[in-house]
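Here is a short briefing for a first look. Please view the sequence and the model before reading on.

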Amino acid sequence: MQEEFWQSRWQENRIAFHEPVAHPFLEAHFDALDLDAGNTVLVPLCGKTLDIDWLLARGVKVVGIEFHQAAVEEVFARLGLLPEQTEANGLKCFHHGNLTLYVGDFFALPQALLGDVHAIFDRGALVALPEEIRIRYAAQLADITQNAPQLLISYDYDQRQTEGPPFSIPQSAVEQLYESIYRCSLLAERTIEGPLAERCSGIEYALHLGRDKRGDIA
């Protein structure tokens with residue numbers, strides 16, 4: 001899944017996608033996931049996001065997966081944690097307490113390693129992927145989490161203004177990707193800010209993806 005591209009971005013420190021604070025949509029709409037203390041949240045393609053710290057402070061377990069090992073090591077160093085390191089299914093696993101981060105290919109992560117996942121926070125995974133990979137990603141994510149509800153953050157802008165990532169994926173495209181699995185509800189939107197705003201104009205928005213249109217979960 002474009003490992004060479006992302007490894008080079010990290011090595012060259014071209015990580016404008018990394019934010020210095022937890023995402024305000026996570027803070028504002030975390031309750032939409034209806035989680036209890038001890039529930040597990042999967043953060044795919046997590047990088048070294050501070051969203052991990054914020055989620056842990058809410059008493060949930062966090063599992064993430066990331067290509068770049070140095071980013072994973074930085075998360076544990078930042079939290080002052082010394083992780084246990086193991087290997088499974090071709091992935092390196094760093095674990096301490098409520099935090100488990102895998103290093104490797106997202107598509108190599110099996111459901112058996114994750115156990116029960118109660119929610120997904122997709123802040124920068126889907127929007128990092130070119131169109132030809134998104135269907136496979138969406139299917140894999142739903143499969144390994146058994147269709148766990150999602151808080152998804154995406155962008156809607158004219159793709160002709162700039163090349164991704166992050167790519168423009170309007171709500172209609174998200175709904176098409178997950179149409180057989182989730183009901184999508186718009187939670188919030190705002191004008192694009194930060195480094196991306198220097199390249200394009202549009203909106204950043206948050207969706208709640210709840211299990212499916214046939215009414216398994218309202």
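Contact here means heavy atoms within 4.5 Å. This is a predicted model, in which local features need pLDDT of at least 70 and side-chain atom pairs count only at pLDDT 80 or more, while totals for chains, interfaces and linings use all residues. Residues are numbered from 1 along each chain as its sequence is written, and side-chain values use heavy atoms, with hydrogens and water left out.

**The sheet**

- Helices (H or I, at least four residues) and strands (E, at least two) are DSSP runs, numbered from the N terminus.
- Two strands pair if DSSP finds at least two bridges between them.
- Strands of a sheet pair through backbone hydrogen bonds, either parallel or antiparallel.
- Nine strands make an open sheet with mixed pairing, in the order 3-4-5-2-1-6-7-9-8.
- Strand 3 (84–88) and strand 8 (182–191) stand at the edges; each has a single partner strand, so one side of each has no neighbour in the sheet.
- On average, neighbouring strands of this sheet are turned by 25 degrees against each other, direction ignored.
- Strand 1 (residues 40–44) and strand 2 (residues 61–66) run parallel and are joined by five bridges.
- T40 has K61 in strand 2 as its bridge partner.

**Helices on the sheet**

- Helix 4 (residues 69–79) packs on the sheet and touches strand 2, strand 4 (91–96) and strand 5 (99–103).
- The direction of helix 4 makes about 160 degrees with that of strand 5.
- Axes are lines fitted to C-alpha atoms, for helices over the stretch in contact; angles run from 0 to 180 degrees between N-to-C directions.
- Helix 6 (residues 131–145) also packs on the sheet, touching strand 1, strand 6 (119–122) and strand 7 (150–157).

**The cores**

- A nonpolar core is a set of buried Ala, Val, Leu, Ile, Met, Phe, Trp, Tyr and Cys residues joined through side-chain atoms within 4.5 Å.
- Buried means under 20% relative accessible area, exposed over 50%, and partly exposed in between (1.4 Å probe, protein chains only).
- The largest nonpolar core has 39 residues, of which Y137, V174, Y178 and L209 touch the most other members.
- Helix 6 gives the most to this core, with six residues.
- Leaving aside neighbours within four places in sequence, L209 contacts P149, Q150, L152, V174, Y178, Y182, R183 and C184.
- Another core, of 27 residues, lies apart from it; V75, F94, L101 and L151 are among its members.

**Around Q171**

- Q171 is in helix 7 (residues 171–177).
- Q171 is partly exposed because its relative accessible area is 23%.
- Beyond neighbours within four places in sequence, Q171 is in contact with C184, L186, Y205 and L207.
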